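Hi there,

Here is the structure I promised to pass on to you. Have a look at it first, and then read my notes below.

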Amino acid sequence: MAARNDANGHRIVGGTNGDFYAGDGSPIGTQIINGEILKSYNDWQTIGFDVNKQPMIANVNFSGQVIVGDSGNALNGVNDVRSSNHLTLYNNFFGNTTATNVYGSEALLTPISEWLVNDTVICVIDNFVQGQNNSVIPNGKVVLSGHGTSENFMINNFTAGDTVKMI
């Protein structure tokens, strides 16, 4: 890996073990690439760098919120199993589809601001289908998947063309 990423002006001098992995090869801990979360997981030691490129090692906890107009709903996880009453975000790091069951609804969104942890990302709702499951996740887009009370939040607030804020 070091040899593949080593180049003139970009010398690799060390590396770390990136994570532990489940039997299916998915990461167990939180991972972030260029501000976009690959997977959210709470209370797991993680190494990272702040906006000033200062290193840190700390337990990471995920909390999020989705806001449409004056209404908000908890964002319960990223690239994880959608549980009862949860709103879960899926991106290309999860795979080609959300792999969700038929008991929910899903919206396809296009981010119009950069991904940034601990800040607000703005997306436009491309499409919202009540009762949709196992949605395709196109490159450069994300899918919000809701069940129960979170699905009701989507039904009552999501319209194609509207903007969504994710914190």
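Let me begin with Tyr 90, which counts as buried at 1% relative accessibility; buried means under 20% relative accessible area, exposed over 50%, and partly exposed in between (1.4 Å probe, protein chains only). Tyr 90 and Phe 94 form an edge-to-face aromatic pair, 4.9 Å centre to centre with 65° between the planes. Rings of Phe, Tyr and Trp (its six-membered ring) pair if their centres lie within 6.5 Å; planes under 30 degrees apart count as stacked, over 60 as edge-to-face and the rest as tilted.

Before going further, please keep in mind that this is a predicted model, where local features need pLDDT of at least 70, side-chain atom pairs count only at pLDDT 80 or more, and totals for chains, interfaces and linings use all residues. Residues are numbered from 1 along each chain as its sequence is written, and side-chain values use heavy atoms, leaving out hydrogens and water. The protein chain averages a pLDDT (the predictor's confidence in each residue, from 0 to 100) of 89, and 94% of the residues score at least 70.

Back to the rings. Phe 128 and Phe 158 also form an edge-to-face pair, at 5.8 Å centre to centre and 65° between the planes. Phe 128 is buried at 17%, and so is Phe 158 at 5%. Ring pairs link Phe 128, Phe 153 and Phe 158 into a cluster.

Now for the sheet. Eight strands form an open sheet in the order S6-S5-S12-S10-S9-S11-S8-S7, with mixed pairing. Strands (E, at least two residues) and helices (H or I, at least four) are DSSP runs, numbered from the N terminus, and two strands pair if DSSP finds at least two bridges between them. S6 (71-75) and S7 (77-78) stand at the edges with a single partner strand each, so one side of each has no neighbour in the sheet. S8 (residues 87-90) and S11 (residues 142-146) pair in the antiparallel sense over four bridges.

What does the side chain of Thr 110 make a polar contact with? Thr 110 lies in strand S9, and its side chain makes a polar contact of 2.6 Å with the side chain of Asp 126. Another polar contact of 2.6 Å joins the side chains of Thr 110 and Lys 141. A polar contact is a pair of N or O atoms within 3.5 Å; within protein, one must be able to donate a hydrogen and the other to accept it, and residues adjacent in sequence count only if both atoms are side-chain atoms.

Enjoy exploring!
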